[in-house]
Amino acid sequence: MRCLTDNEAADLVSGFLDMETAAAANAHAACCPACTKRIGRFSDIIDHLRADATEFDDKSFGAEIMTLIDLGRAEEHRLPQTKWSISWKTGVVAAAAAVVLISITALQLSGDRKDNVPAANWHSPENAHRFASRGAADATDQWVSLTMFARRDQNDRAMFYPVDETIFTDTAVAFAYEDHSASPFSYLMVFAVDSNGTVFWYYPARDPGGAQMSIATAGGREKTPLPDEVTHELTPGPIRFFGIFSRVPLQAEHVEGIVKRQLAATRDLSTLTRMDIEETGQWTRQLAVREKASE
């Protein structure tokens with residue numbers, strides 16, 4: 001048997017291969033150090049993210065963490081279940097699946113996106129697997145990135161697949177971030193804006209009762225999944241997603257005002273490739289939103 005691809009290794013670890021194929025893959029891996037290492041990498045990711053039995057029992061924990069985030073003192077964060085209009089669905093297994101798919105699709109997502117810098121512009125061989133936003137006014141943009149995943153329920157399982165060029169109006173989206181800056185950023189916000197100027201907040205979630213600030217990040221160089229997947233009722237048509245990495249927490253209301261002013265000036269989402277916010281690293285990507293086909 002030939003060496004396993006990342007897709008096959010991930011499917012093997014996740015238990016999605018049939019018995020015959022799994023047996024052949026395991027037999028090959030037993031005598032192939034490269035495939036053994038590849039399989040081990042995916043196993044470690046899933047084991048690391050597996051939830052503890054009582055992980056989500058303390059309902060006050062989320063509120064406490066959000067307070068720390070607002071104060072800029074949290075090293076990690078979790079978002080609590082709320083009654084926001086956004087649908088937040090907690091699931092560490094989903095996060096693990098997202099990380100596995102990040103590893104699988106890193107090469108597929110690099111270089112061929114309209115908002116990405118061509119591979120020739122990457123600055124070091126060890127970062128050749130990365131992708132970064134194009135048209136950036138700040139050199140830091142090339143070192144930060146987001147990966148988007150869409151949730152699909154298959155055979156009573158929540159599966160996450162890399163987002164291509166389109167999403168549906170009710171697609172549940174998950175994100176993972178990566179920061180290869182020499183001095184990693186400490187905060188992140190993720191949002192989308194459509195051609196009508198409507199802003200959809202993913203991180204932080206829109207909370208009518210409080211001031212929303214950037215969420216704290218781990219500040220490392222590894223691909224890190226953000227908790228939960230988020231669903232908005234989007235409008236069919238073009239939509240542009242942004243990830244704003246910063247060293248201090250940013251206020252969502254202030255950033256939303258900047259977004260609307262810049263869109264009103266350009267009147268074209270395709271040219272809205274960077275927000276006028278200093279000392280930030282930014283990622284952006286434009287997609288098309290479609291109505292979900294009737295089942």
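Buried residues are those with under 20% relative accessible area, exposed ones have over 50%, and partly exposed ones fall in between (1.4 Å probe, protein chains only). The structure described here is a predicted model, in which local features need pLDDT of at least 70, side-chain atom pairs count only at pLDDT 80 or more, and totals for chains, interfaces and linings use all residues. Residues are numbered from 1 along each chain as its sequence is written, and side-chain values use heavy atoms, with hydrogens and water left out.

Of the 295 residues of the protein, 46% count as buried. The fold contains 6 helices and 12 strands, taken as DSSP runs numbered from the N terminus (helices H or I, at least four residues; strands E, at least two). Contact means heavy atoms within 4.5 Å. Among contacts with a separation of 6 or more, 73% join residues 24 or more positions apart. The protein exposes about 15100 Å², of which carbon and sulfur atoms supply 51%; these areas come from the Shrake-Rupley method with a 1.4 Å probe, and for residues only the protein chains shown count as cover.

Most residues other than glycine have a negative phi, and most peptide bonds are trans. Against that background, the peptide bond from Tyr203 to Pro204 is cis, with omega near 0 degrees, and Pro204 sits in the loop between β7 (199-203) and β8 (215-216). Asp228 has a positive phi, near 70 degrees, in the loop between β9 (224-225) and β10 (229-231). With a relative accessibility of 7%, Asp228 counts as buried. Arg267 also has a positive phi, of about 60 degrees, and is found in the loop between α6 (252-266) and β12 (280-290). Arg267, however, counts as exposed, at 76% relative accessibility.

Turning to the interior, a nonpolar core is a set of buried Ala, Val, Leu, Ile, Met, Phe, Trp, Tyr and Cys residues joined through side-chain atoms within 4.5 Å. The largest such core has 26 residues, and those with the most contacts inside it are Phe175, Tyr202 and Phe241. Two or more residues come from each of β2 (144-154), β5 (172-179), β6 (187-194), β7, β11 (237-246) and β12, with β2 giving the most, 4 residues. Apart from this core lies another, of 17 residues, including Val193, Trp201, Phe242 and Met275. Beyond its neighbours within four places in sequence, Phe175 is in contact with residues including Leu146, Met148, Val190, Tyr202 and Phe241.

Rings of Phe, Tyr and Trp (its six-membered ring) pair if their centres lie within 6.5 Å; planes under 30 degrees apart count as stacked, over 60 as edge-to-face and the rest as tilted. The whole structure holds 8 aromatic pairs. The pair of Phe175 and Phe241 is tilted, because the ring centres are 6.2 Å apart and the planes stand at 50 degrees. The rings of Phe191 and Phe242, with centres 5.4 Å apart and planes at 20 degrees, are stacked. Phe191 lies in strand β6 and Phe242 in strand β11, so this pair ties together parts 51 residues apart in sequence. Ring pairs also link Phe175, Tyr202, Tyr203 and Phe241 into a cluster.
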